[in-house]
Amino acid sequence: MQVFQKNSNIFNLLSEGVSEGIVVVNSEQIIVATNSSAREMFGYDTDELEGKPLDTLIPSKYHHSHGGHVDHFIEKSEKRQMAKGRDLSGVRKNGEEFPVEAGLNPFKLYGSTYVMALVIDISERKARERELSHWAQIFDESLNEIFIFDKQTLKFINVNQGAQHNIGYSSDELIKLTPIDIKPDIDEIAFRKLISPLLEKTEKKIQFETIHQRKDGSRYPVEVHLQLSNLGDREVFLAIILDITERHNYTEKLEKTVEKRTKQLTEALAKEKELNELKTRFLSLVSHEFKTPLSSILTSITLLGKYTQTEQQKKRDKHVDTIRNKVKYLDTILNDFLSVERLESGKVNYKVETFPLSKLVNEVIYDANMLLKTGQRINYPSNIDDLLIKFDEKTLELVLSNLIHNAIKYSPEDSSIDLYVEEQTDKLVLKVVDKGIGIPKEDQKHIFNRYFRAENALLNQGTGIGLNIAKQHLENLGASLEFTSEENKGSTFIVNLPKELNYSLENETNTIN
Ligand code: ADP
């Protein structure tokens with residue numbers, strides 16, 4: 001057809017100014033004309049395409065379907081964009097395929113039907129689209145939460161899947177919210193102040209930790225990275241959120257461990273300190289408690305040596321008594337100290353057996369009589385000869401002598417001390433009653449503490465150990481010790497010995513000394 005010939009001015013005039021490729025085919029789909037854009041696009045020289053089938057420009061895999069498509073257009077004589085909704089490819093002379101967009105314009109000329117295809121190479125656009133969709137995919141699939149929100153209204157514009165998933169709101173719900181709605185600890189004033197360095201451009205990025213609240217009300221700690229970003233020609237905020245629950249848990253765990261260890265260390269140090277203090281106290285007690293009786297023993301021995309005459313027997317007896325008393329006292333406190341050590345190290349073994357109470361009482365009273373002050377006397381029951389008792393004898397002796405020695409020590413001359421034995425249905429009760437100095441009310445709660453001595457007792461010798469070990473031994477054996485006391489009136493110490501002892505003995509054959 002003349003009009004499409006190479007030198008046809010009309011076609012050249014019409015087609016060369018167009019940037020799209022133009023390919024005209026006849027009803028047999030033979031290319032009858034191309035413009036230079038089309039030739040460049042497909043990589044052909046002038047005239048090379050004319051007379052060739054349209055399929056030359058179409059990858060072979062599309063040949064069949066394509067033919068039908070074009071025929072249909074020609075029949076219908078419609079002007080339409082080809083391959084709408086599906087990707088269309090062209091093939092260059094060198095075999096390279098590339099994406100195209102084509103518009104088909106059927107027309108008639110001098111009675112023949114032609115189709116003019118307007119072809120655009122969309123390789124670059126496709127590449128850009130691919131890149132964009134890749135970024136969109138990264139945005140959406142990111143496990144970190146990404147929020148985009150408006151610079152002024154602070155309303156969310158876009159929120160990735162990760163964020164929707166964790167916060168529990170859908171994107172439709174989120175676009176009605178602002179970051180403040182999901183931050184229970186930050187109000188609008190505080191938030192606007194927080195983002196002001198970004199708006200004033202003094203900072204490019206800010207980072208802070210806060211709490212996010214999910215739709216279901218649960219909360220989780222987050223680290224927020226916030227910056228301004230451009231969405232088209234609009235400035236928006238871009239927030240990347242890291243859920244730091246794990247980090248927090250780890251830190252919390254670490255803090256707890258540190259706290260626990262510090263506590264253990266402090267306790268160990270305190271114990272160490274207490275032990276040191278006890279040691280110091282013990283040493284000063286020992287030196288004091290031993291020194292006084294030892295020096296009076298020494299004095300008595302010195303004097304004894306001087307009373308050589310027969311008629312001085314009374315004086316000699318007095319000093320022998322003193323020596324006996326002091327040695328007895330030293331023996332008692334030494335036993336007390338040893339008892340403390342055994343109780344502390346858990347090395348006490350009791351020997352529970354049945355014995356007559358009267359035997360023990362007689363021994364204790366006999367020893368105690370030697371300690372009596374002038375005019376003091378001990379009253380004790382004479383009708384207990386038949387009373388058998390099942391207990392650790394050494395322990396009961398230690399307890400009873402401690403109580404009676406205290407009664408003597410803390411009572412004035414000419415006062416009486418009473419020992420009562422009461423047999424009740426389930427227990428045997430021993431009471432030591434004195435009319436002595438008593439225990440001040442405010443000191444009573446401490447009286448069983450080791451080394452504790454009441455204010456009014458300090459003029460008397462003592463270690464503050466006796467009651468403590470007595471109570472511990474009794475309780476170890478299922479018995480108990482209690483008291484009532486009134487200052488300047490007297491005290492009553494009560495030992496309750498249950499008839500059925502409920503304690504377990506590991507080795508009954510060992511005794512406490
Ligand atoms: P100590 O060696 O000091 O007598 P104890 O443990 O036997 O040690 O007694 C502790 C403290 O209890 C005494 O220092 C004293 O203050 C008080 N106490 C004990 N028995 C009596 C008592 N019968 N009358 C008054 N106070 C007593």
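Colleague: In the hairpin of β1 and β2, which residue takes a positive phi?

Modeller: Strands here are DSSP runs (E, at least two residues), as helices are runs of H or I with at least four residues, numbered from the N terminus. Two strands pair if DSSP finds at least two bridges between them. In this predicted model, local features need pLDDT of at least 70 and side-chain atom pairs count only at pLDDT 80 or more, while totals for chains, interfaces and linings use all residues. Residues are numbered from 1 along each chain as its sequence is written, and side-chain values use heavy atoms, with hydrogens and water left out. In this hairpin, with 4 residues between the strands, Q29 takes a positive phi near 60 degrees.

Colleague: In what sense do β1 and β2 pair, and over how many bridges?

Modeller: β1 (residues 21-26) and β2 (residues 31-34) are antiparallel, over 3 bridges. V24 stands opposite A33 in β2.

Colleague: Which polar atoms lie by the ligand's oxygen atoms?

Modeller: A polar contact is a pair of N or O atoms within 3.5 Å; within protein, one must be able to donate a hydrogen and the other to accept it, and residues adjacent in sequence count only if both atoms are side-chain atoms. An N or O atom in the R453 side chain is 2.5 Å from a ligand oxygen.

Colleague: Which elements supply at least two residues of the shell around the ligand?

Modeller: They are α11 (393-409), α13 (466-476) and β18 (490-498).
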